Amino acid sequence: MSRHAGGYSADPRVRAVEWLPWVVALAAFFLLPEYLSLGARILIYMLYALSLDLIVGYAGIITLGHSAYFGLGAYVAGILAAKAGISDPMVQLAAAAAAGALLGLVTGAIILRTRGLTLLMLTLAITSVLLEIANKASSLTGGADGLSGVVIAPILGMFKFDLFGKTAYLYCLAVLLVGWWVVRRLIYSPFGTSLTGVRENSLRMHAIGAPVYWRLVLVYTISATVAGVAGGLLTQTNQFVGLNVLSFESAGELLVMLILGGVGRIYGAFVGPVVYLIAQDLLAKQFPEYWYLGIGTMLVLVVLFARGGILGILDGLIARLRRKA
Amino acid sequence: MSAALETRALCKSFGALTVAEKIDFRLEPGARHALIGPNGAGKTTFVNMLTGVLPPSSGRILLGDEDITALGQAKRVKLGLGRTFQINALFRRLPVLDNVALAVAERRGVAPRMLRAASAHPDIRDEGMALLATLGLADDAKQRILDLPYGKQRLVEIAIALGLKPRVLLLDEPAAGVPSLESHRILEVLDRLPSEIAILIIEHDMDLVFRFARRITVLVQGEVLVEGAPDEIGRDKRVHQVYLGEQRHG
C-alpha cells in the first residue's frame, strides 16, 4: 500500500493488494450484518476523505471547509426527496454532484487566487456562510431541527432500501468503487502528475508555462463534485439531514481522518475513516465522556511520530522486514 | 533582423528606490551573452521583469517581434522564453525524469489530459530521457531530487528549462553554490547547448563568464554601465573599479 503517485514512469495498473479493501468490505457485509449502518457511514466518509485527499494530498490545497460541498450535496439530495417529491436516488445523487461541482467551481475560482492562511480562512468562511444559510432557510432545510421526511425510491427501480441497511451498504460500496476508480485514474494521469508538480513547487510550474490557477480550479471542482456525491449518499442512507453536515467541525474531523490514515496515498482515505469511526464507536460506548481524549491522543501520536499516518507506519515496517529478509 | 529578446527603456522602481533605469538591451539570436554586476545592481529584478514575475514601471519588452510586456509568465514560456533559477526550484520529492517530463508535457500540451495514464505517453518519457542523457543524467532518472548531489541538481535545473525547447534561455547563476572544482561540469553542459538558442547568463563566477560569453553587459545600480566583447570588458577601467577589482582580489 505504498504511496500512490502519478508520474511518467509510474505503473498505473491496479496491484493485487489494492483489491484488499474491497474484499474486506464484502467480507464485512457477510460477517458483520449488525454493523452495516456503521459500515455504510464509513464507506461514505471514505469517499468524502478521498475527495479531500485529491486536493490536500495531491494538489497541496489545504482546506478546513470541505464540508461546504459535502453539506450542500446532502441538502440538495434531501430537499429534492423531502420537498420536491423527487425520490429517485440516482437523480438525487446526480443533483448532489452537480450542486457540489457548481459551488466548487464558483468558490474555487475566487479562493484559489490566494494561498496559505488566507486560503484556509476563506475555506472556513465558505462553509460558515452555508451553515448560516441552511440554519436561516428553515422552510427549506428544517433549520436546526434538521430535514426529515426524506423519501428514497428503490435504486434503479429494483433495490429497496431495507431496515437492516443491506441495500444502503452495497449501494455506498458501489458508489465508492466508482469514486475510487475516477480519483485513482486522475492521479495517474498527466493532469494528476502536474498537480503533484504544483504541490511540490508552484513557482516552477508557473515557470514551465503551466496555467496553475486553472489546474487548481479544475481539481477543486472535481473534488467538490465527489464530496457532493458523498453528502448525497449520507442523506440517502440516514434519510435525514442535520446542520452538522455543514459544520466546520465536520470538515476538521475529515481532515483528522485523512491525516490519521495518511495524506497523498489514496488508501489513507480508506484507512483513516475506518480507524476513526470504529474508534469513535467503541470509545463512545465504553467511555462516553472521554472518547474525544482517545481520538486526540491518537492524532497527537500520529502527527508527532508518524507523519505518513497509519499507512506510513505500515510502509516503514514493510521496508524494515524486506531489509532483514 | 530583430533581436531574440529586447528591452526598450525598461524601468522599475519601488517607491523612491529605482532598481532599473531605462535599460536598453538586445539579445541577438543564438547569442552567448552574460549579464554581470555587483550585488544589488538589479540583475535579478531585470530577469524577473523579462520572465513576467515583476511588471515593469515603464518601458517595453519584446520577444522576437512580439511585445510581451503585458503577458503573464505562462504565455511568455509558450512563446519560447525559458529560465532557470539561482536557487534550485525543483520538484524535490519527484524523480529526476518527472522533473523534466513535466516541462516536456506542458510544452506538448499533454499536461491537462486526464483519461490516460501519464506513463501511457512514452513519447514524453522518451524525450525526457533523451534530454537527461545529453546532460549525463540518464543514470539518475529514477532518483528523487532530494537524493541527488547538489551539482547534479543544478543540471536538472537546466534540463527542465531545455524541456521547454526555448528560443531564449535565461540562466540565473547556473553555477551558484557549486564548488569551483565542479563548475567545469556546468560549463561543459552550457558549451553543448544548441547553438540556435539565444542565451543570457547571469553569473558571479567570472571564469565561467569569460569562458562562456561572447558578449557581456555590465549592470550597475540599475543602469547599463557598458556592453562589449569579453576582452573589451576585461580592459575597461570603470568595470574594474566597480566590479572586477573587488571580485578578483576581494
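Visitor: What should I know about the numbering and the model?

Guide: Residues are numbered from 1 along each chain as its sequence is written, and chains are lettered from A and ligands numbered from 1 in the order in which they are written. The model is predicted: local features need pLDDT of at least 70, side-chain atom pairs count only at pLDDT 80 or more, and totals for chains, interfaces and linings use all residues.

Visitor: How many residues of helix 2 of chain A are buried?

Guide: Helices are DSSP runs (H or I, at least four residues), numbered from the N terminus. A residue is buried if 20 or more other C-beta atoms, placed from the backbone, lie within 10 Å of its own. In helix 2 of chain A, 21 of the 23 residues are buried.

Visitor: Where does helix 2 of chain A bend?

Guide: A bend is the angle between axes fitted to the seven residues ending at a residue and the seven starting there. Helix 2 of chain A bends by about 30° at A:Leu52. Just after this helix, A:Gly60 has a positive phi of about 75°.

Visitor: Which residues does B:Ala159 touch?

Guide: Leaving out residues up to four places away in sequence, B:Ala159 touches B:Val100, B:Leu131, B:Leu132, B:Leu135 and B:Leu137.

Terms used: Helix = DSSP H or I, 4+ residues; strand = E, 2+ residues; numbered from the N terminus. Buried ≥ 20, exposed ≤ 12 C-beta atoms within 10 Å, placed from the backbone. Contact = placed C-beta atoms within 7 Å.
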